[in-house]
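The following paragraphs lead through a single protein chain, from its overall architecture to the packing of its elements. Please keep the sequence and the model in view while reading.

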Amino acid sequence: MIQITIPTPEVTIYKQEAPELSHIYGFTDFILIPRDKAGIFMFYNDKDELLFVGKARKLRPRIKKHFEDTVSVMKEHREEVTKIEVCLVEDPVHREIYETYIINDYKAKYNVDKVLYK
């Protein structure tokens with residue numbers, strides 16, 4: 001049996017109720033997410049249920065794209081996201097393993113690719 005330990009998130013940002021600064025769907029702290037670092041990210045709802053897991057070579061632009069893009073699987077569910085966790089993982093093979101493992105072990109609600117638990 002292979003033992004996989006999910007990395008501890010380096011950055012966690014939360015949706016704000018009435019943000020005064022410029023925001024994207026209530027999130028104002030995107031600046032805390034590294035722009036040029038690679039890793040995995042997880043979107044959660046207000047019940048702390050995992051909604052979506054993704055990976056990226058450049059985290060901040062990829063995460064923001066999920067809130068702006070018209071083809072994102074999250075486009076119909078953006079309002080549900082209340083927390084974003086980010087784990088820095090530079091190795092592309094490790095990112096792939098973590099993403100697939102988390103999707104299937106925690107049954108991410110809106111991930112459609114890499115689902116093995118159906």
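The protein chain has 2 helices and 4 strands, where helices (H or I, at least four residues) and strands (E, at least two) are DSSP runs numbered from the N terminus. Along the sequence these elements follow the pattern β-β-β-α-β-α. The radius of gyration, taken over C-alpha atoms, is 14 Å, close to the 13 Å that the globule rule gives for 118 residues, so the chain is as compact as a globular protein of that length; the rule is 2.2 Å times the number of residues to the power 0.38. The model is a predicted one, in which local features need pLDDT of at least 70 and side-chain atom pairs count only at pLDDT 80 or more, while totals for chains, interfaces and linings use all residues. Residues are numbered from 1 along each chain as its sequence is written, and side-chain values use heavy atoms, with hydrogens and water left out.

The strands form an open sheet of 4 strands in the order 1-4-2-3, with antiparallel pairing; two strands pair if DSSP finds at least two bridges between them. Strand 1 (11–14) and strand 3 stand at the edges with a single partner strand each, so one side of each lacks a neighbour in the sheet. From one strand to the next, the twist averages 15°. Strand 2 and strand 4 run antiparallel and are joined by 6 bridges. Tyr44 has Lys83, in strand 4, as its bridge partner.

Helix 1 packs on this sheet, touching strand 2, strand 3 and strand 4, and its direction makes about 30° with that of strand 2. Such angles run from 0 to 180 degrees between N-to-C directions, with axes fitted to C-alpha atoms, for helices over the stretch in contact; contact means heavy atoms within 4.5 Å. Which residues of helix 1 (residues 59–68) are buried? They are Leu59, Arg60, Ile63, His66 and Phe67, buried meaning under 20% relative accessible area with a 1.4 Å probe, protein chains only. These residues cover an arc of only 125° around the axis, which puts them on the same side of helix 1; the arc is that of the directions from the helix axis to the C-beta atoms. The buried residues of helix 1 pack against strand 2 (39–44), strand 3 (50–56) and strand 4 (83–88).

Helix 2 (residues 92–105) lies across strand 2 and strand 3, running at about 170° to strand 3.

For the chain as a whole, 43% of the 118 residues count as buried. Among contacts between residues at least 6 apart in sequence, 59% join residues at least 24 apart.

How values were computed
Buried means under 20% relative accessible area, exposed over 50%, partly exposed in between (1.4 Å probe, protein chains only).
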